[in-house]
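The exercises below concern aromatic side chains and their surroundings. Please work through each task before reading its solution.

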Amino acid sequence: MTTFLFVLLVLFFLARFVLPVVLRLVVGNFVKQQARRYGQGFGGAQPFEGGYTEPHRPTNGNGSSVHVDYVPPRQKPRPSKDFKGGEYVEFEEVK
């Protein structure tokens, strides 16, 4: 009986203190590995390896960074002339 309680106590302490540390290491390494794979597809950037750098944004002469070549004209939605209303849906009120 005492050996059973001792084994149960040891398992409890392993699950309570050791398991979270091991899981944190395993999941952390997995996240870093996936971030490296993601970065390889986009120019080799390492998101967790260095500091954050602001992306380069080209500017024109007056300091603004937006250049619009063409803006299509807005068309107002025209209501249909032959629309006479919706169809009637019969319903029952449930109390």
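**Exercise 1.** Does Phe13 count as buried, partly exposed or exposed?

*Solution.* The model is a predicted one, and in it Phe13 lies in helix α1. The relative accessibility of Phe13 is 39%. Buried means under 20% and exposed means over 50%, with partly exposed in between, so Phe13 counts as partly exposed at 39%.

**Exercise 2.** Find the aromatic pairs of the structure and classify the geometry of each.

*Solution.* The structure holds 2 aromatic pairs. In one of them, Phe12 and Phe13 have their ring centres 5.6 Å apart and their planes at 65°; planes over 60 degrees apart count as edge-to-face, and this pair is accordingly edge-to-face. The rings of Phe13 and Phe17 lie 5.8 Å apart, centre to centre, with 15° between their planes. Since planes under 30 degrees apart count as stacked, the pair of Phe13 and Phe17 is stacked.

**Exercise 3.** By about how many helical turns are Phe13 and Phe17 separated?

*Solution.* Helix α1 spans residues 2-41, and within this helix Phe13 and Phe17 are 4 residues apart, so they are separated by about one helical turn.

**Exercise 4.** Which residues form the aromatic cluster, and which nonpolar surface patch includes them?

*Solution.* Phe12, Phe13 and Phe17 form one aromatic cluster. Phe12 is partly exposed, with a relative accessible area of 48%. Phe12, Phe13 and Phe17 are among the residues that make a nonpolar surface patch of about 1,100 Å², to which Phe6, Val7, Leu9, Val10, Leu11, Leu14, Val18, Val22 and Val26 also contribute.

Conventions:
Residues numbered from 1 in each chain as written. Predicted model: local features only at pLDDT ≥ 70, side-chain atom pairs only at ≥ 80, totals over all residues. Heavy atoms only, no water. Phe/Tyr/Trp six-rings, centres within 6.5 Å; stacked < 30°, edge-to-face > 60°. Buried < 20%, exposed > 50% of the residue type's maximum accessible area, 1.4 Å probe, protein only. Helix = DSSP H or I, 4+ residues; strand = E, 2+ residues; numbered from the N terminus. Patch = residues over 30% accessible without salt bridge, like charges linked within 9 Å, V, L, I, M, F, W, Y side chains within 5 Å. Areas by Shrake-Rupley, 256 points an atom, 1.4 Å probe, with all protein chains shown as cover. Salt bridge = Lys/Arg side-chain N within 4 Å of Asp/Glu carboxyl O.
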